Amino acid sequence: MGRSTLKSTASRCLRWLDDRTGLLWVLRHSLFHRVPVSAKWWYVFGSATMMFFAVQIASGIVLAMFYAPSAAQAYESLVYINQQVPSGWMLRAIHGWSSNAMCLMMLVHLAQVFLHGTYKYPRELTWIFGVCLCVLTLALAFTGQIMRWDADAYWGLGIGAAIVDRMPVVGNALRGIMLGGEQISGATLSRFFALHVFILPGTTVALIGLHLYSILRKGISEMPKAGEVVDPATYDKAYEARVHKTGVPFYPDAARRDMVFCGAALIVLVGIAAWYGPMGPGALPDPTIIEASPRPDGLFLWIFAALALLPPSSETALLLIGPPVGIALLALLPFIAPRGERAPSRRPLSVLSFGVVCTGIGVLTWLGMQSPWSPVMNAWTSTPVAPEFVERRSPLALQGALEFQFAQCRNCHAIGGTGGMRGPDLTEVATRLSWDQLVRQIQQGGGNMPAYGKTLSSAETHALVAFLSTLDGGRSRAQIPGAMESQSVSDAMPTAASTPLTSSSP
Amino acid sequence: MSERDTVSDATPSATASESRRGFLFAAGTTLTAIGGVLVAAPIIGAAVAPGLLPEKDKWLSLGASSNWTPGTTVLVKFLNPGGAPDDGVTRENACYVRCIEAGKFQVFAVNCAHLGCPVEWFAQSRLFMCPCHGGVYYEDGSRASGPPPRGLFEFAWRIQDGALEIFSGRLPGLQEGT
Amino acid sequence: MIARAVPWRRLLLACLACLSVSCDRLPGKPAPPAATPGLDVSTGFRAFYAERCAGCHGDEGRYGPARPLNAGIYLASIPEDALFTIVRDGIPGTRMPGFGGSSVTGVSDEQIRAFILGMKRTWANPTGLQSIVPWQAGLSEASAEHGATLFASRCEFCHPRAGNQTQVAGAQQGAVPRLGGDVRDPFYARLVSDQHLRTSIIFGRDDLHMPSVRGPFFTANGERVVEELSVGEVDALVAYLASFRQASTLSGRFEGGTP
């Protein structure tokens, strides 16, 4: 067969295909559609998000071949994938890190579209589909965390169930539907498996289609220029004229940058996956293992932090109203600000609100990593009292130091920078509180500290305060001439002969 | 096209065919709706019902009531009454049994009243502490500090034939209001 | 075209081969679940100790507010069964919690035995001298008066009465550091058992410069005396120190206790 016959056969086949499918028309209006020449590096993030989604689909399908979505076997199957399946750990690592990358790219894409005012006329629907995709991606990330079926997954479900349960009237029923029963169980995992593997990805694919279709229909926006105002009356015509005149085909002109960025991102992804490996699974999802410190994945740490910091009185309201209102506001943005300037330099309010939201989430995430509000559950047995707080202490003060550990004070209070951060660091507490104030604080609690009056005997309280009184940061009180004399009699350490502290010994 | 032509002619046959088409359309939508509901009912029902079925009587025994020493609080494991072997380790569950005096108990869920994290009992300070957001409870389950809006959830208990039984099986939540 | 494709294909194959071979050597590969070392070997013991004991007994078993366990003589002198009981049940009424028991979170008896073995292997000095004074109280009737005179001539130099706290916490006078602090504080006496006093006298705390029963001691004038206290003398000192427990409800609480 000669080359020309080959060519003609191929072209005949293509023509047949085009006739039956209309492929050429589709390609002309998608792959080769004209985009503004100013669409450059800022426009790569949406493509990157979609590419990571494709990675998720591919790796997810193969993972599903090994993963056992049953509560009795899920954990073991993950260990099996990590240890036995050839390069299975890499598969899990790619799926996990690609999920993070997808969320990151999506958020950057969202930020770019927001800051450039791209959501304005006539791309309202593109934006709304995008906001829906954002919610779906976060839902995929959350349900994916459940697939790990370890302690974090179990208690993450517990937190989710507790939030849903707070809804008035329907909360309880919704929680039942979410858990597939009255407890977190195998039915819950099956439910979240169906969500993570069928419902959410299917919806995401459909919405990506709509998102892309609406992009093609109304065109890719140009880079915003200060002074170029969006006016619905004239925008469409002017845009089309400009794109017709100076626009370039998406493929290959604009796609080059997308390909460069996506390729580099893929290589970085594989590098990170190879270096850091898969995430978990952590501890067994056994609710009888009480020594768990559940933490969500990094993406949700800011919510975890917000839940600790919201005022308890308004927590339920904020929890239930906040997210839907926030998402609705975001989705309705194009109808709130449909026209006008697109350049960030002319939209100070938008830039400001963007900055506030980013800072807020950033700070909350950082706080979530520290979680200073959480007691360190094993600090009382595992965090030593440093030698400098033991040396040169009286035997009574040493018993006080023991009491400090024994009564779990250390879980919330640091000495010398180690220990819990829930309460204040007590390294120099003697410079702030007098003997009597220490006794009162311990016995009555207050300021978010439980009262220990019923727990500690008078001798125990006495020893504890004797120890705390030595924590003066090395600035011995006697080094200040006359300091001891000027204090009231009751402020010094009382002797045992004086009235014992009122408390019931255990 | 030809059909539209016949419609424009106001002949008796045309009225008949119009009413026939109207009937067919009505029948079509009705049948589809009925069929749709018939198909959807088991599908949606199966998905939703497990979470909505009414609670059954689920008293379960934790062992002889004399097993507990007055003045102590201990973690006790049990199997979820509604559980299945497929649940694996999540079939297990735990509660804190506080024996106030012989025959007098308090049974707490391990779930924090804030957002359901597992609280840990510290016998030394006689406190329950939550590792998530720092909720703290006294030994009687009342809130000591932190974000929880109330004290620990309690299970109803009774002594039946010398055994301590609790009414459980449901993940406790704020709406139960024990 | 075809001729050029060959090196590409070879390169691709080589890359794939490299990847699949090196996949198992990448840093991200999760380590196989290793069997945790037993508590009777040093590594296992140390990890367990750091998690559950270091808070009070100090990093590496020294300089904690509780009795230092990194002390060969002490470990060699206390019978294993006594250690076992202490670790499992704690010492009721003191600040030593029990770590064993039937509770869900309790450590099993076998693990506690292994832990004690690991502790002895790690910290017990194999050439550790057996104490001549038995670790538990004898049956002899000890007199607190005898203890008082003995205290004045052997202990008081380092353990003066708490005229004020600064003598302990502040700067020290003289060449000999007087670090001990007041052991005749009634609150202290109420918090500790007789056995605690006895154990402290017999074994001392060399991390905090407290001598063992072998001395050296300092007389009231600050003269150094090297001599070993006898069983009766230890009993007398314990009786003297225990006499500072005033509240009658508490005085009998620790009799027959464990160290």
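These notebook entries record what I looked up in a predicted model.

**Entry 1: Conventions**

I number residues from 1 along each chain as its sequence is written, and I letter chains from A and number ligands from 1 in the order in which they are written. In this predicted model, local features need pLDDT of at least 70, side-chain atom pairs count only at pLDDT 80 or more, and totals for chains, interfaces and linings use all residues, while side-chain values use heavy atoms, with hydrogens and water left out.

**Entry 2: Chain A against chain B**

I looked up the contact (heavy atoms within 4.5 Å) and found 62 residues from chain A and 58 residues from chain B. The buried area (accessible area, 1.4 Å probe, that two parts lose on being put together, summed over both) is about 4800 Å², and carbon and sulfur atoms give 58% of it. I noted that A:Glu182, A:Gln183 and A:Ile290 supply 15% of the area that chain A buries against chain B, more than any other three residues.

I then searched for salt bridges (a side-chain nitrogen of Lys or Arg within 4 Å of a carboxyl oxygen of Asp or Glu), and the rule finds two across this interface. A:Glu182 forms a salt bridge with B:Arg170, at 3.5 Å from N to O. For polar contacts (a pair of N or O atoms within 3.5 Å; within protein, one must be able to donate a hydrogen and the other to accept it, and residues adjacent in sequence count only if both atoms are side-chain atoms), I found 25 residue pairs, both at pLDDT 80 or more.

Which helix gives the most to the side of chain A that touches chain B? I found that H7(A) does, with eight residues. Helices (H or I, at least four residues) and strands (E, at least two) are DSSP runs, numbered from the N terminus.

**Entry 3: Chain C against chain A**

I found that this contact takes 51 residues from chain C and 46 residues from chain A. The area buried here is about 4000 Å², with 67% from carbon and sulfur atoms. On the chain C side, C:Pro65, C:Arg95 and C:Phe187 lose the most area to chain A, together 18% of what that side buries.

I counted two salt bridges between chain C and chain A. C:Arg95 meets A:Glu403 in a salt bridge, with N to O at 3.1 Å. Helix H2 (42–52), helix H3 (54–57), strand S2 (96–97), helix H8 (166–169) and helix H9 (186–191) of chain C each give two or more residues to the side that touches chain A. Among these, H9(C) gives the most, with five residues.

**Entry 4: Backbone geometry**

I read that most residues other than glycine have a negative phi, and most peptide bonds are trans. I then looked for departures. A cis peptide bond joins A:Tyr121 and A:Pro122, with omega about 0 degrees. A:Pro122 lies in the loop between helix H5 (88–115) and helix H6 (124–147) of chain A. Another cis peptide bond joins A:Tyr251 and A:Pro252, with omega about 5 degrees, and A:Pro252 is in helix H11 (residues 250–276) of chain A.

I placed C:Glu60 in the loop between H3 and helix H4 (72–77) of chain C.
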